[in-house]
Amino acid sequence: QVQLVESGGGLVQPGGSLRLSCVASGTAFSINTMGWYRQAPEKQRELVATISRGDNANYADSAKGRFAISRGGAWRTVYLQMNSLKPEDTAVYYCYAKVPLPNGSLADYWGQGTQVTVSS
């Protein structure tokens, strides 16, 4: 079982910045992908950014040029630096991890989410 705990959300004015953090614990297996998704009210959860082994980063079009994903050295932490925030970035942001299991399958894990509100 993997536990993911997010922090860093809050209220910020349009044009401002926030840095989200996520710490993973509880797994003896190597995490091979970590990332962030978000869900706005009455909308489906959507990809924001992921980072995989080899530091391959993938961004949603809405995040390109404004957000940057990075990770800690031991693949136990992932960060999301969000700049030039817009009201449409308002959502609950969820940390995500994909863990390969001994039987060859992949397991997805999610954090509880952290609220980001962009408003003046």
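Is Trp110 to be counted as buried, exposed or partly exposed, and what is its relative accessibility? In this predicted model, the relative accessibility of Trp110 is 34%, so the residue counts as partly exposed, given that the buried class ends under 20% and the exposed class begins over 50%.

Four strands form an open sheet, in which the order is β1-β3-β8-β7 and the pairing is antiparallel. The edges of this sheet are taken by β1, which covers residues 3–7, and by β7, which covers residues 67–71, each of these strands pairing on one side only. On average, and with direction ignored, neighbouring strands of the sheet are turned by 15° against each other. Between β1 and β3, the latter spanning residues 18–25, the antiparallel pairing extends over 5 bridges, and Leu4 has Ala24 of β3 as its bridge partner.

A further set of contacts involves aromatic side chains. A pair of aromatic rings is described by the distance of the centres and the angle of the planes. The count of aromatic pairs in the model comes to 3. One of them joins Tyr37 and Tyr96, whose ring centres are 5.4 Å apart and whose planes stand at 65°, so that the pair is classed as edge-to-face, the cut-off for this class being over 60 degrees. Because Tyr37 belongs to strand β4 (residues 33–39) and Tyr96 to strand β9 (residues 91–100), this pair ties together parts that are 59 residues apart in sequence.

Tyr96 has a relative accessible area of 6% and is therefore buried. Tyr96 also forms an aromatic pair with Trp110, with 5.0 Å from centre to centre and 50° between the planes, an arrangement that is tilted. Here too distant parts of the chain are linked, since Tyr96 lies in strand β9 and Trp110 in strand β10 (residues 106–110), the two residues being 14 residues apart. Together, Tyr37, Tyr96 and Trp110 form one aromatic cluster.

Notes: Residues numbered from 1 in each chain as written. Predicted model: local features only at pLDDT ≥ 70, side-chain atom pairs only at ≥ 80, totals over all residues. Heavy atoms only, no water. Pairing = 2+ DSSP bridges. Axes fitted to C-alpha atoms, helices over the stretch in contact; angles between N-to-C directions. Phe/Tyr/Trp six-rings, centres within 6.5 Å; stacked < 30°, edge-to-face > 60°. Buried < 20%, exposed > 50% of the residue type's maximum accessible area, 1.4 Å probe, protein only.
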